[in-house]
Amino acid sequence: MKTYAIHKSAMIAPRKARMTLDLIRGKDVATAEAILDTTNTKGSRLIKKVLKSAVANAVNNNGAKEDELFISTCFINPGPVYKRIKFASRGNVDRRDKRTSHIYVEVSDGKSEGGNK
């Protein structure tokens, strides 16, 4: 049974968070949480929240066992870009882009969804 969780418009650039997400792709949930605990980045804290939400969705909504779950799919897409200005020298104005991300984590227990097939 596949279950997912999404964090939309997370205030982190996708390029930065993708490095942390690559560490946990395909791992089981306990190993992924241990990796995220020992990785000291903002991306790891945000990804851990999404992972916990996906695990809670699987356990509470679908009756899956937490120790059988693994990360089947995870990716980060760019979200909206907030354009801000910063004053520069000689009366110029520079644009600072504050990039956001959509973090998607899907967990699965490896069992198929249909019982009659």
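## An aromatic cluster

F75 is partly exposed because its relative accessibility is 32% (buried means under 20% relative accessible area, exposed over 50%, and partly exposed in between, with a 1.4 Å probe and protein chains only). This is a predicted model, in which local features need pLDDT of at least 70 and side-chain atom pairs pLDDT 80 or more, while totals for chains, interfaces and linings use all residues. Residues are numbered from 1 along each chain as its sequence is written, and side-chain values use heavy atoms, leaving out hydrogens and water.

How many aromatic pairs does a search of the whole structure find? The search finds 2 (ring centres within 6.5 Å; planes under 30 degrees apart are stacked, over 60 edge-to-face, the rest tilted). Y4 and Y104 form a stacked pair, with 5.4 Å from centre to centre and 25° between the planes. This pair links distant parts of the chain, since Y4 belongs to strand 1 and Y104 to strand 3, 100 residues apart (helices, H or I of at least four residues, and strands, E of at least two, are DSSP runs numbered from the N terminus). Y4 is partly exposed because its relative accessibility is 46%, whereas Y104 is buried because its value is 16%. F75 and Y104 are also stacked, because their ring centres are 4.6 Å apart and their planes stand at 20°. F75 is in strand 2 (residues 70–87) and Y104 is in strand 3, so this pair ties together parts 29 residues apart in sequence. Through these ring pairs, Y4, F75 and Y104 are linked into a cluster.

Is T3 buried or exposed? With a relative accessibility of 9%, T3 counts as buried. The T3 side chain makes a polar contact with the side chain of N62 at 2.8 Å (N or O atoms within 3.5 Å, one able to donate a hydrogen and the other to accept it within protein; sequence neighbours count only if both atoms are side-chain atoms). Not counting residues up to four places away in sequence, T3 touches A54, N57, A58, N62, V105, E106 and V107 (heavy atoms within 4.5 Å).

I6 has its place in strand 1 too, and counts as partly exposed because its relative accessibility is 42%. Apart from neighbours within four places in sequence, I6 is in contact with V50, I103 and Y104. M19 is 13 residues from I6 along the chain, and their C-alpha atoms are separated by 18 Å.

D109 is buried yet has no salt bridge (a Lys or Arg side-chain nitrogen within 4 Å of an Asp or Glu carboxyl oxygen). Which side chain of opposite charge is nearest to D109? K111 is, at 4.7 Å (Lys and Arg are positive, Asp and Glu negative; His and chain ends are not counted).

Backbone nitrogens still meet the D109 side chain: that of M1 lies 2.5 Å from one of its polar atoms, and that of K111 is reached at 3.2 Å. Leaving out neighbours within four places in sequence, the contacts of D109 are M1, A64, E68, L69 and F70.

In helix 2 (residues 29–38), the buried residues are V29, A32, E33 and L36. They sit on the same side of the helix because they cover an arc of only 100° around its axis (taken from the directions from the helix axis to the C-beta atoms). These buried residues pack against helix 1 (14–24), helix 3 (42–62), strand 2 and strand 3. On the face turned away from the buried side, helix 2 carries the exposed residues A30 and T38.

Conventions: Rings of Phe, Tyr and Trp (its six-membered ring) pair if their centres lie within 6.5 Å; planes under 30 degrees apart count as stacked, over 60 as edge-to-face and the rest as tilted.
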